[in-house]
Amino acid sequence: MGVQTGCLLEASLASPEVVSDLGDRLGVSSLFLRGPMSLPAIESKAPVKPAGGRLPGVRVTEDDSALRSAMDVARGDGMDVYLTIENPLVGSSDWEALLAEDNSGRSTAKIDPDRPLICPNHPKLLGWMADLVVGVYDAYRPTGVLLGDISLGSPGSIDNLFTCWCDLCRARVGELGYDPDQVRIGMQGARTKLADIRPEVAGIPDFGLGLLLDGIGFDIGLMDWFNFRADSVSACLYEMRQALANKDTTVRMAILNKGPTAAMLAGQRREDALRDTTLADAYIPIICGRGSGVPEMLAGHARQVHDAAEGIDEPSALALAARIHGYADVPLPDRIAELDESPTEELLRACAQRELAYTLAAPGDVPRWPAIDFEGLPPNLVGDVANEIKQSGADGILYIGVPQ
Ligand SMILES: [Zn+2]
């Protein structure tokens, strides 16, 4: 069997011309659609009121004709149709009761008012996610559901790394067998020690995660914290997967993730998504373009080091962040802002190659479909990365958006 090809796009863009062109030109056999849905049967079960037309994980509307006609067009062309549930862990500042907080007690509405995080352990949210996935299935009967980048925010934001630490999450830490005090001390220690990095460190050529851990101590609490965040995100996945399987065992569920390097810091644990099909039928990491998380993560951590440690200039801070995350040999800019605002083609290509290798190296039975989000990417770069994916032994490829 050849490499499967999918394309994810807004339903409003999926005209008959665009869809048949995707089939003819790229061999797209699965169309992944996102767009507002009409879900009157379950809206009353939502844990919050709609804000700006959104509920956790979904945009709602009374007129879903764009989505329905896009589904008809794709099916008419013989394609499988997946519908997208957006990251239910990013919310609205209006949903105060559900919002997460970091370990200094700050609400995420203060940290990131435009994209505040929702507490992944809120029982009302967990119940809603099961209702949502079943509601989407009942209303539209798709081939499958795509969970769009379910994660705890941007891996480049240091504050997000220490979220959520609300009363519910602290109780959950204990219930899952972790030591809440040890975790709390590990989190605080890591934040403090990051600010104590000495300038000389930036000049060590092979500085890596091992040396960083050596520097801040083999902190079990911090490791437990990262595991706990991933436990929480995976529990959301499990809730949805099981609700769907109870409804119809033939419906597939695919998971869109950040690139492997950035995934752990966003609360995504690849072992869970790749291990077996209790959680997913396809694992789709974004390895190139917006959403991969890698340039933002390197820039975010370089900024943290540059701000916290006196005497480390921007190039040294960038080099240090790159080495910590296994990116020592990629071509870095001199200024941090260039990395997340206008990364060079050379850098994006190097990142994509690295992320593809990591994607394929991990063990597990779940098919993997590396994804390219080519908004803003030069077409020749998209073509090159797509060719590398097709020749790599991956099971599929997902284009995000309409390629030129
Ligand atoms: Zn919480």
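Arg54 touches Arg59 and Ser92, leaving aside residues up to four places away in sequence; touching, or contact, here means C-beta atoms, placed from the backbone, within 7 Å. Arg54 sits in strand S3 (residues 54-55) and is partly exposed, with 18 other C-beta atoms within 10 Å. On that count, 20 or more makes a residue buried, 12 or fewer exposed, and anything in between partly exposed.

A quick word on the model: it is predicted, so local features need pLDDT of at least 70 and side-chain atom pairs count only at pLDDT 80 or more, while totals for chains, interfaces and linings use all residues. Residues are numbered from 1 along each chain as its sequence is written.

Helices (H or I, at least four residues) and strands (E, at least two) are DSSP runs, numbered from the N terminus. Now for helix H17 (residues 379-390). Its buried residues are Val382, Val385, Ala386 and Ile389. They cover an arc of only 105° around the axis, so they lie on the same side of H17; the arc is taken from the directions from the helix axis to the C-beta atoms. Asn380 and Asn387, on the other side, are exposed.

| Element | Residues |
|---|---|
| strand S8 | 282-289 |
| helix H16 | 345-361 |
| strand S9 | 371-373 |
| strand S10 | 396-400 |

Elsewhere, Leu298, His301, Ala302, Val305 and His306 in H13 meet a set of H14 residues, including Glu314, Ala317 and Leu318.

Notes: Contact = placed C-beta atoms within 7 Å.
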